[in-house]
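Thanks for coming, everyone. Let me put the structure up, and then I'll walk you through the parts I liked.

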Amino acid sequence: MELGYLKIKTGSGYLYGGDQKLFGKAVSSSGCGMIAACDVLLWLSGKACGEIPFPEYAAFAEKLRDETFYKGRRNFLGIFPRRLAKILTEKSGRKFSYIPEQKLHEKKLEEIIFRSLNSGAPVIVRVGFSFKGLPYKIKYPASGKVRTGKMSWHYITVTGISKGGVLTFSSWGGRGTADCRALSKSFGFTGGIIAADYLS
């Protein structure tokens, strides 16, 4: 199962979801959570079906940045996941919950992600601080370049999951893949997920 997700048209090609590096120094070092929330809210609003021009996307993201995320705040450590879940709930009209990694064994993680995606809502993953890191592979649609590595202290937006447990996600304007089993073992400090309509 995979959602179509945001196709953002820029002068140099398409992005798969947003990229915090496009929104200035104040956001570039701590804005992955903000971008994930912007993408999810746009997706749920139906405004981004098909493709969206970057100026329109940027206007939406910058308004949310100034009015919600960075108003009177300096998010040096990024946005805390419970606050992110609260913002999504207030702005979307759907109930979003933060589920910490302690409650997410592999099978339950897959079930929650599948349920949220099946209801049309992407899942935001908080990969917390970890020396181990989450192995990933990302392809950038604009350039065709592929990047591999391990991530920690980062938010990604899961847009798909296969029967084999391979996750599709949006990050840094690219379409990535990662293994759900690896994620369940690599959440790290403050790691977890933000999902819609969570039932404990």
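Let's start at Lys9, which stands opposite Pro53 in strand E3. Strands here are DSSP runs of E with at least two residues, helices are runs of H or I with at least four, and both are numbered from the N terminus. Before going on, a word on what you're seeing: this is a predicted model, where local features need pLDDT of at least 70, side-chain atom pairs count only at pLDDT 80 or more, and totals for chains, interfaces and linings use all residues. Residues are numbered from 1 along each chain as its sequence is written, and side-chain values use heavy atoms, with hydrogens and water left out.

Back to that sheet. Strand E1, residues 7-10, pairs with E3 in the parallel sense over two bridges; two strands count as paired if DSSP finds at least two bridges between them. E1 also pairs with E2, in the antiparallel sense and over four bridges. Thr10 has Gly13 of E2 as its bridge partner, and two residues lie between E1 and E2 in this hairpin. Put together, that is an open sheet of three strands in the order E2-E1-E3, with mixed pairing. E2 (13-16) and E3 (52-53) are the edge strands, each pairing on one side only.

Strand E6 (residues 134-139) and strand E7 (residues 146-151) pair in the antiparallel sense over six bridges, with Leu134 opposite Met151 in E7. Six residues lie between E6 and E7, and Gly144 in the turn has a positive phi of about 80°.

Is Gly133 buried or exposed? With a relative accessibility of 4%, Gly133 counts as buried; the cut-offs are under 20% relative accessible area for buried, over 50% for exposed and partly exposed in between, using a 1.4 Å probe and protein chains only. Gly133 touches Lys150, Met151 and Ser186, not counting residues up to four places away in sequence, where contact means heavy atoms within 4.5 Å.

Now the helices, of which the protein has six, along with 11 strands. Helix H2, residues 32-45, has 14 residues and reaches 20 Å from its first C-alpha to its last, close to the 20 Å expected at 1.5 Å a residue. That expected span is 1.5 Å times one less than the number of residues. H2 is mostly covered, with 12 of its 14 residues buried, including Cys32, Met34, Asp39 and Trp43. Just after H2, Gly46 takes a positive phi of about 85°.

H5 (residues 106-118) gives another picture. Which residues of H5 are buried? They are Leu109, Ile112, Ile113, Ser116 and Leu117. Seen down the axis of H5, these buried residues fall within an arc of 125°, so they line one face of the helix; the arc is that of the directions from the helix axis to the C-beta atoms. On the other side of H5, Lys107 and Asn118 are exposed. The buried residues pack against several elements, among them strand E4 (96-100), strand E5 (123-127) and helix H6 (180-184).

That brings us to the core. A nonpolar core here is a set of buried Ala, Val, Leu, Ile, Met, Phe, Trp, Tyr and Cys residues joined through side-chain atoms within 4.5 Å. The largest one has 62 residues, and those with the most contacts inside it are Tyr57, Ile193 and Ile194. H2 gives the most to this core, with 10 residues. Ile193 touches, among others, Leu109, Ile112, Val125 and Phe187, leaving out residues up to four places away in sequence.

One more residue I'd like you to see is His154, in strand E8. His154 is buried, with a relative accessible area of 6%. His154 and Cys32 are 122 residues apart along the chain, yet their C-alpha atoms are separated by 6.6 Å. Beyond neighbours within four places in sequence, His154 is in contact with Gln20, Cys32, Val125, Arg126, Val127, Ser171 and Trp172.

To finish, the whole chain: of the 200 residues of the protein, 52% count as buried. Among contacts between residues at least 6 apart in sequence, 69% join residues at least 24 apart. Thanks, and I'm happy to take questions!
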